[in-house]
Amino acid sequence: MRLGILGGTFDPPHIGHLIAAQDAWSALELDRVVFVPAGRPPHKPGRAISPAAVRLAMLRVATAGDARFEVSDLELRRSGPSYSVDTLRELRERYPGVALFFLVGADQLREMHSWRAPEEIARLATVVMLARGGVRRAEPAVAVPYTVLPVTRVDVSATEIRRRVAAGESIRYLVPLEVVTLIEQNGLYRPAAGR
Ligand code: ATP
């Protein structure tokens, strides 16, 4: 069994995440990709992040109906900042003998030096850089071995989605329709909500 793990804030999840996960599933011959929303991401302390329950709900509707995808709330059940190494340890315990592939964007991989226990992360899982748009490796060089996986270039970010909502612009087609509905229902990203 081969399991991909895609961690992130997912505030909100968007088609860039889904297409990258699909590309990884296909190229790495994964059985499943597990999306792991971060409780309190250690690398994003500045911005007010939407409630964990809402981010989880958005991910669930975004991946519902696709048997290749799964959502895990394991980082949300832990208190304090979410460290990837703890997540991988937990997954390793839960799925002994399973090959884990830790999928990270180039932007995230570049920060790897500041992660907790990067060497252990690389021991627990194969670190895979999701390379968009011809990026071949992370600069500056990363201390741990990783493989590069070219993925379809989709220039969508959660930051851009939040900006559009705040500006009253449409986000249709950038996120699944059910995610649009949840963003509206929860009044996310509007200036009135304090963002
Ligand atoms: P933000 O804009 O708030 O920083 P984001 O869109 O990068 O958010 P995250 O939740 O931080 O979303 O991303 C989770 C993971 O998905 C990260 O590894 C990130 O690099 C990757 N990722 C994000 N957007 C894309 C995309 N368009 N294509 C491929 N991978 C992506």
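This is a predicted model: local features need pLDDT of at least 70, side-chain atom pairs count only at pLDDT 80 or more; totals for chains, interfaces and linings use all residues.

Colleague: What makes you say that the buried residues of H6 line one face of the helix?

Modeller: The buried residues of H6, which spans residues 158–166, are Ala158, Ile161, Arg162 and Val165. Seen down the helix axis, these buried residues fall within an arc of 95 degrees, and therefore they line one face of H6. The buried residues of H6 pack against helix H7, residues 177–185.

Colleague: Why is the pair of Phe35 and Phe69 called edge-to-face?

Modeller: Two values are needed, because a pair of aromatic rings is described by the distance of the centres and the angle of the planes. The centres of Phe35 and Phe69 are 5.2 Å apart, with 75 degrees between the planes.

Colleague: What does the pair of Phe35 and Phe69 tie together?

Modeller: Phe35 lies in strand E2 (residues 32–37) and Phe69 lies in strand E3 (residues 69–71), so the pair ties together parts that are 34 residues apart in sequence.

Colleague: How do you know whether Phe35 and Phe69 are buried or exposed?

Modeller: Buried means under 20% relative accessible area. Phe35 has a relative accessible area of 0%, so Phe35 is buried, and Phe69, with 10%, is therefore buried as well.

Colleague: What makes Arg116 a charge over the ring of Tyr83?

Modeller: Arg116 lies over the face of Tyr83, at 3.9 Å from the ring centre, and the cut-off for that distance is within 6 Å. Arg68 likewise lies over the face of Phe69, at 5.3 Å from the ring centre.

Colleague: Which residues have the most contacts inside the largest nonpolar core?

Modeller: The largest nonpolar core has 23 residues, and those with the most contacts inside it are Ile5, Leu88, Leu100, Phe102, Met112 and Ile121. Among the elements that give two or more residues to this core are strand E1 (2–8), helix H3 (84–94) and helix H5 (118–124). Apart from this core lies another, of 20 residues, including Phe35, Leu59, Phe101 and Leu103.

Definitions and conventions
Residues are numbered from 1 along each chain as its sequence is written. Side-chain values use heavy atoms; hydrogens and water are left out. Rings of Phe, Tyr and Trp (its six-membered ring) pair if their centres lie within 6.5 Å; planes under 30 degrees apart count as stacked, over 60 as edge-to-face and the rest as tilted. Helices (H or I, at least four residues) and strands (E, at least two) are DSSP runs, numbered from the N terminus. Buried means under 20% relative accessible area, exposed over 50%, partly exposed in between (1.4 Å probe, protein chains only). A charge sits over a ring if NZ of Lys or CZ of Arg is within 6 Å of the ring centre and within 35 degrees of the ring normal. The arc is that of the directions from the helix axis to the C-beta atoms. Contact means heavy atoms within 4.5 Å. A nonpolar core is a set of buried Ala, Val, Leu, Ile, Met, Phe, Trp, Tyr and Cys residues joined through side-chain atoms within 4.5 Å.
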